[in-house]
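I opened the notebook today to look over one protein chain. The entries below follow the order in which I looked things up.

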Amino acid sequence: MGFVGLFYPWGIILQAVAIVHFVRRRPDTYWLWIILIGGGLGALIYISAEILPDMALLRGSFDGLSRRRRIHELEAIILENPAIGNHEELADLYLEEGKFARARELYDKVIATRSDSLDAFYRRGLAELAMDDFHAALGDLERVVSTDPRYDFHRAIALLAHAHGRACDPERADTLFKNAVAISTLSETYYNYASFLAARQRASEAREWAQRILAKKPTMPPWFRKANALLKQLPAA
């Protein structure tokens, strides 16, 4: 029995699954040719690149249900036991849930009691960035980076650069971004830098950093889509 025989009938099943997903999601057209011409192996490659990342998003929705249940529990707990640890856990959960104003309010309480917690300052900075309060985020992120420039695997310095760029301090932002991309390969950092460069009318540089995200498409689908959208907004080279 040859290779094709060993793959039968699973190859046909994989092709069917891949085609149904392709029709619903409409990714790049070349994937259809890979599925049809590549048979079961081509379908397996498509599933690995396009469907599995979607499964991760599905798992995230289940995590969200568990997170919201824990939020309700903690909101009740802190009425009886307002320990700072409970406030911090609740703040972290609200940050993950995208409830940034409530997260920021809770981090304020944590910092008022525990002013040496870099993590609380950093996470409050994340909430402030999400709320477009860039000047407030600058204070928190500067505190973190000045204490530990490598905080959160260099993400803190990259977000500080992003905050400076959005707070109209392009020179400082450019310097920090260059430091960040020299030591970090985070797609978020590349995207923020590309957006900063595009806003400064440096289209060719912006295109370069956006394309670096595209090169990582199989592992970074959300940032791939953002980078692709940014490239469409840039003038042709």
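These are my notes, from the whole chain down to single residues.

**Entry 1: the whole chain**

I noted first that this is a predicted model. I then counted secondary structure: the protein chain has 12 helices and 0 strands. Reading from the N terminus, I get α-α-α-α-α-α-α-α-α-α-α-α. How much of the chain is buried? Of its 237 residues, 42% count as buried. I also checked contacts between residues at least 6 apart in sequence: 46% of them join residues at least 24 apart.

**Entry 2: H7 against H8**

I picked a helix pair next. Two packed helices are described by the angle between their axes and the distance between the axes. Helix H7 covers residues 134-147, and helix H8 covers residues 155-166. I find an angle of about 150 degrees between H7 and H8, with the axes 9 Å apart. Angles over 145 degrees count as roughly antiparallel, so H7 and H8 are roughly antiparallel to each other. Their crossing is left-handed.

Which residues make the contact? From H7 I listed Phe134, Leu138, Leu141, Glu142, Val144 and Val145. From H8 I listed Ala156, Ile157, Leu159, Leu160, His162, Ala163, His164 and Arg166. I sorted the residues of this contact by type: 10 are nonpolar, 2 polar and 2 charged.

**Entry 3: H8 by itself**

I stayed with H8. Its 12 residues reach 17 Å from the first C-alpha to the last, close to the 16 Å expected at 1.5 Å a residue. Why do I call H8 largely enclosed by the rest of the structure? Because 9 of its 12 residues are buried. I wrote them down: Ala156, Ile157, Ala158, Leu159, Leu160, Ala161, His162, Ala163 and His164. What covers these buried residues? The cover includes helix H6 (118-130), H7, helix H9 (170-183) and helix H10 (187-199). After H8 comes Cys168, and its phi is positive, near 65 degrees.

**Entry 4: the loop between H7 and H8**

I went back to the loop between H7 and H8, where Asp152 sits. Asp152 is not a glycine, yet its phi is positive, about 55 degrees. Is Asp152 buried or partly exposed? Its relative accessibility is 31%, so Asp152 counts as partly exposed.

His154 is in the loop between H7 and H8 as well. Its phi is near 75 degrees, a positive value in a residue other than glycine. His154 has a relative accessible area of 18%. The cut-off for buried is under 20%, so His154 is buried.

**Entry 5: Leu95**

Leu95 lies in helix H4, which covers residues 84-97. Its relative accessibility is 11%, so Leu95 counts as buried. What does Leu95 touch, leaving out residues up to four places away in sequence? I found Phe100, Ala103, Tyr107, Arg123, Leu126 and Ala127. I also checked Leu95 against Arg124, 29 residues apart along the chain. The C-alpha atoms of Leu95 and Arg124 are separated by 8.8 Å.

**Entry 6: H11**

My last stop was helix H11, residues 203-214. H11 has 12 residues and reaches 16 Å from its first C-alpha to its last, close to the 16 Å expected at 1.5 Å a residue. Which residues of H11 are buried? I listed Ala203, Ala206, Arg207, Trp209, Ala210 and Ile213.

Notes. Residues numbered from 1 in each chain as written. Predicted model: local features only at pLDDT ≥ 70, side-chain atom pairs only at ≥ 80, totals over all residues. Heavy atoms only, no water. Helix = DSSP H or I, 4+ residues; strand = E, 2+ residues; numbered from the N terminus. Buried < 20%, exposed > 50% of the residue type's maximum accessible area, 1.4 Å probe, protein only. Contact = heavy atoms within 4.5 Å. Axes fitted to C-alpha atoms, helices over the stretch in contact; angles between N-to-C directions. Parallel < 35°, antiparallel > 145°, perpendicular 65-115°, else oblique. Left-handed = near helix turned anticlockwise from the far one by under 90°. Nonpolar A, V, L, I, M, F, W, Y, C, P; charged D, E, K, R; others polar. Expected span 1.5 Å × (residues − 1).
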